[in-house]
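Okay, everyone, thanks for coming. I'd like to walk you through one model today, so let me put it on the screen.

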Protein chains: 2
Amino acid sequence: MCQLLGMNCNTPTDIVFSFEGFRRRAGLTGRHSDGFGIAFFEGRGVRIFRDNRPASDSPIADCVKQYQIKSLNVIAHIRKATQGEVNIENTHPFIREIWGENWVFAHNGNLKDLPDMSESFCQPIGSTDSEAAFCYMAEYLKNRFRKKPTEMQIFEAIQDITKELAAHGTFNFILSNGEWMIAHCATNLHYLTRKAPFGKAHRIDDDGVIDFNDYAKNGDKVTIITTFPLTKDESWTKMENGGFVFFKEGDKVAEIIGVAKETADDGTL
Amino acid sequence: MCQLLGMNCNTPTDIVFSFEGFRRRAGLTGRHSDGFGIAFFEGRGVRIFRDNRPASDSPIADCVKQYQIKSLNVIAHIRKATQGEVNIENTHPFIREIWGENWVFAHNGNLKDLPDMSESFCQPIGSTDSEAAFCYMAEYLKNRFRKKPTEMQIFEAIQDITKELAAHGTFNFILSNGEWMIAHCATNLHYLTRKAPFGKAHRIDDDGVIDFNDYAKNGDKVTIITTFPLTKDESWTKMENGGFVFFKEGDKVAEIIGVAKETADDGTL
């Protein structure tokens, strides 16, 4: 299995504080050492960094840290391979063009017996179940709408195709087109929104501390979505199985959920 | 206009010697300062680095230099914007999935009045003529063949679609699927193949010197394709207008050409 990290905000934000804890789970505080990737939206474009080395000691991850890229939407993934070899083509996040936009997708889980896509318009390149599922989703969306529909039509269509794919196994994912971020929880996904009044946060993985008052200004909203909480003194919301959230500019715009369960500091790794 | 650099080899090779001269043309020895990108195939996967800062002083380009990635196929591009703003989504090389492979494309030239693609399956994300042309090519190829055809069928299909696109303006490009590299010359493209007996080479842009005997072994074949020659003491072949070359494992496998013209050290910048 793998771990996911997403960030959606209303002001360009540096993800380094969260990523530095997250990447330790790739070999130091967790065993997700089979490569990593991180994608930063910049306007309609994406900068993506991948490595098949563990994120905790990858020079590419060091480069990401040094460059301190600010972005409104970021998706990162550390891999513990279940299907497919450890190589670049099997490294999340995956990208496809949909309706003239970059869509970025990362998955945690395991899907079996997916439909054959060898003659599809969108075909997987690597051998993971995750990329195949994303291609199936892309093909479905492009066939259902020739041009980009409204956001809520997109959210609804993603729920429909997700239910079909989730019948094949465990399907936690984070997805973004650079404007919004959608998360679906099958087993484990948590989120929180940082906004005024800002406080301090301590990282779970290495006790790193930050006071967001030193970086954020009134009105800033930064949502972090991740498999397991990254800080020990903030209140993370655990998503329910089968739940969906739709974030835009750091705000939760829509949600499909059974019963929301608040957890603080569950710290499970 | 822009400049292109491609490398196709039979052994994983580090492109740093060529890229260090090439990137100087982004602000120091040339005016191609509107961003850069470089894509390295690694198996079926691609590592891609892009920046909207000039390649000559980009920290991302420094990271590429330090990491010394070895690859069989590399495509790089330094941009002098003609159409589209200076931003990440307009930065070459562009990538699309075709028949379950990553295809990487970089263009030098200017195309006008391309067909509307707003309801196509493959749509451009940025606002360049280059990405639109590549999407048009991708859509054409996927419609002509549902599954990957033979290499020579691909080469023939690319000639057909290129002739259609070249009617819209200047269309020099380099294209690779990670197995082969195809170049098309409209105005300026040069190539050479380095193989035994190896010698020394002096870079045009900064007088950097290398002795390939220190790095290469008998049997190695490394082809470099670029807009204008990068070294002053090697024999570069200038492609003819309308010409195509197909390289695989460092060898020229096929060529469509009028009259080949050998030039040594023309050094035009």
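**A walk through the model**

Let's start at B:Met181, which is buried, with a relative accessible area of 0%. By buried I mean under 20% relative accessible area, with exposed being over 50% and partly exposed in between, using a 1.4 Å probe and protein chains only. B:Met181 sits in strand E8 of chain B, residues 180-184; helices (H or I, at least four residues) and strands (E, at least two) are DSSP runs, numbered from the N terminus. B:Met181 and B:Cys9 are 172 residues apart in sequence, yet C-alpha to C-alpha they are 9.7 Å apart in space.

Quick housekeeping before I go on. This is a predicted model, where local features need pLDDT of at least 70, side-chain atom pairs count only at pLDDT 80 or more, and totals for chains, interfaces and linings use all residues. Residues are numbered from 1 along each chain as its sequence is written, chains are lettered from A and ligands numbered from 1 in the order in which they are written, and side-chain values use heavy atoms, with hydrogens and water left out.

**Cores**

Which residues touch the most other members of the largest nonpolar core? They are A:Trp103, A:Met137 and B:Trp103, in a core of 60 residues. A nonpolar core here is a set of buried Ala, Val, Leu, Ile, Met, Phe, Trp, Tyr and Cys residues joined through side-chain atoms within 4.5 Å. There is also a second, separate core of 49 residues, and its members include A:Cys9, A:Ile15, A:Ala26 and B:Ala76.

Back to B:Trp103: leaving aside neighbours within four places in sequence, its contacts include B:Phe94, B:Phe134, B:Leu141, B:Ile158 and B:Trp180. Contact, by the way, means heavy atoms within 4.5 Å.

**Where the chains meet**

Now the interface. In chain B, 37 residues are in contact with 37 residues of chain A. The area buried between the two chains is about 3,300 Å², and carbon and sulfur atoms give 56% of that. Buried area is the accessible area (1.4 Å probe) that two parts lose on being put together, summed over both. Which three residues supply more than any other three of the area that chain B buries against chain A? That's B:Phe121, B:Ile125 and B:Arg146, with 24%.

On the polar side, there are 18 residue pairs in polar contact between chain B and chain A, both at pLDDT 80 or more. A polar contact is a pair of N or O atoms within 3.5 Å; within protein, one must be able to donate a hydrogen and the other to accept it, and residues adjacent in sequence count only if both atoms are side-chain atoms. For the side of chain B that touches chain A, the largest share, seven residues, comes from E3(B). By class, that side has 13 nonpolar, nine polar and 15 charged residues. For the classes, Ala, Val, Leu, Ile, Met, Phe, Trp, Tyr, Cys and Pro count as nonpolar, Asp, Glu, Lys and Arg as charged, and the others, Gly among them, as polar.

There are also four salt bridges between chain B and chain A. A salt bridge is a side-chain nitrogen of Lys or Arg within 4 Å of a carboxyl oxygen of Asp or Glu. B:Lys147 forms one with A:Glu119, where the closest N and O atoms are 4.0 Å apart.

**Salt bridges overall**

How many salt bridges turn up over all chains? The whole structure has 39. In chain A, the side chains of A:Glu151 and A:Lys248 meet at 2.6 Å, N to O. That pair links helix H4 to strand E14, 97 residues apart. A:Glu151 is partly exposed at 22%, and A:Lys248 is partly exposed at 26%.

In chain B, B:Glu97 pairs with B:Lys142, closest N and O atoms 3.4 Å apart. B:Glu97 lies in strand E5 and B:Lys142 in helix H3, so the pair ties together parts 45 residues apart in sequence. B:Glu97 counts as buried at 7%, and B:Lys142 also counts as buried at 7%.

There's a network as well: A:Glu20, A:Arg23, A:Asp62 and A:Lys65 are linked by salt bridges.

Last stop is A:Arg203, in the loop between strands E10 and E11 of chain A. Is A:Arg203 buried or exposed? Buried, with a relative accessible area of 12%. Beyond its sequence neighbours up to four places away, A:Arg203 touches residues including A:Phe17, A:Glu20 and A:Leu230.
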